[in-house]
Amino acid sequence: MHYALTGNIGSGKSTVAREFERLGIPVYYADAAAKRLMLEDQELRAGLKAAFGEETYLPDGSLNRSWLAEKAFSDDEQLRRLNGLVHPAVHRDAAAWRRANETAPYTLYEAAIVLELGRQADFAGVIVVACPESIRRQRVIQRDHTTAAAFEARAAKQWTDDKKEAAADYLIKNNGYELLLPQVLHLHQQLLTR
Ligand SMILES: CC(C)(COP(=O)(O)OP(=O)(O)OC[C@H]1O[C@@H](n2cnc3c(N)ncnc32)[C@H](O)[C@@H]1O)[C@@H](O)C(=O)NCCC(=O)NCCS
Ligand SMILES: Nc1ncnc2c1ncn2[C@@H]1O[C@H](COP(=O)(O)OP(=O)(O)OP(=O)(O)O)[C@@H](O)[C@H]1O
């Protein structure tokens, strides 16, 4: 069984995912995979350069992340184009990863945008990590040494917390009050016995 582990920016998906890994559950981190593929996948590199120009990569070959983020998160058409190039490469990579992990009791796909893309049917269930926006904003600014504006630009491309929580098959509350580990253990037991 393959489950999506999603939640809005800064909700604590990666933090929760690491707890599942400690329980022996393999996790595919879509954000990290996207970054790796944008570096290593020659076809994707060529596609990104053709769509966004040579500036997509810095002279040392690394991705010009801040420049690309500025473009993508300020213009829906550019974000659609970026998603259209990156997501198929991630999906191919994730499918190969799943085949390599098929003996696991279950696996997790950690990504911020799953519901927005209408991908529920690709998974046995969708786990949503929920955290109020004010706390997410504060945590992201602290984690990334970034600005409230950069946070808002990304959050604007995601569903609202209410909509996301309503679409969840399983909910993990990471609001700073509820303890995380008991929720993870409870869900782990549930998923093992499904
Ligand atoms: C534009 C890029 C290079 C900016 O990189 P940067 O390091 O600034 O941001 P990072 O990737 O760490 O993303 C930070 C957060 O922004 C949000 N976010 C990222 N991509 C998207 C997107 N396509 N739509 C909505 N939110 C997004 C997520 O909450 C994510 O955790 C990068 O976000 C990117 O390539 N995005 C498109 C690919 C993608 O969709 N990745 C997400 C998983 S497949
Ligand atoms: N319960 C918690 N208490 C305190 N800090 C937390 C808690 N959960 C997460 N954090 C911190 O909040 C920040 C965001 O968490 P994390 O990186 O796991 O979120 P994410 O959903 O994966 O974010 P993104 O969508 O940006 O990838 C991190 O710095 C993390 O250490």
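Helices and strands are runs assigned by DSSP, a helix having at least four residues and a strand at least two, and both are numbered from the N terminus.

**Figure 1. The whole chain of the predicted model.** Nine helices and five strands make up the secondary structure of the chain. Their order along the sequence is β-α-β-α-α-α-α-β-β-α-α-α-β-α. The chain is as compact as a globular protein of its length, because its radius of gyration of 17 Å is close to the 16 Å that the globule rule gives for 194 residues. Along the principal axes, the C-alpha atoms fill a box of roughly 50 × 40 × 30 Å. Of the 194 residues, 25% are buried. Among contacts between residues at least 6 apart in sequence, 76% join residues at least 24 apart.

Figure 2. Domain 1 covers 1–26 + 106–194, and domain 2 covers 31–100. Seven residues from domain 1 and six residues from domain 2 take part in the contact. On the side of domain 1 that touches domain 2, strand E3 (107–110) and helix H7 (148–155) each supply at least two residues. That side of domain 1 has three nonpolar, two polar and two charged residues.

**Figure 3. Ligand 1 and the residues around it.** The shell around ligand 1 holds 20 residues, of which Ile9, Ala69, Ala112, Arg154 and Lys157 come nearest. Helix H2 (30–40), helix H4 (65–72) and helix H5 (76–100) are the elements that give two or more residues to this shell. Helix H5 gives the most, with six residues. By class, the shell around ligand 1 has 13 nonpolar, three polar and four charged residues. Ligand 1 lies between domain 1 (1–26 + 106–194) and domain 2 (31–100), because both domains give residues to its shell.

Figure 4. Is helix H9 well covered or hardly covered? Helix H9 is hardly covered, with one buried residue among its 13. At 1.5 Å a residue, the 13 residues of helix H9 should span 18 Å, and this agrees with the 18 Å between its end C-alpha atoms. Arg194 lies in the segment after helix H9 (180–192). Arg194 has 11 other C-beta atoms within 10 Å. A residue counts as exposed if that number is 12 or fewer, so Arg194 is exposed. Between the C-alpha atoms of Arg194 and Tyr106 the separation is 9.9 Å, although these residues are 88 residues apart along the chain.

Terms used: Residues numbered from 1 in each chain as written. Chains lettered and ligands numbered in written order. Predicted model: local features only at pLDDT ≥ 70, side-chain atom pairs only at ≥ 80, totals over all residues. Rg over C-alpha atoms; globule rule 2.2 N^0.38 Å. Buried ≥ 20, exposed ≤ 12 C-beta atoms within 10 Å, placed from the backbone. Contact = placed C-beta atoms within 7 Å. Domains from an automatic or database assignment. Nonpolar A, V, L, I, M, F, W, Y, C, P; charged D, E, K, R; others polar. Near = placed C-beta within 6 Å. Expected span 1.5 Å × (residues − 1).
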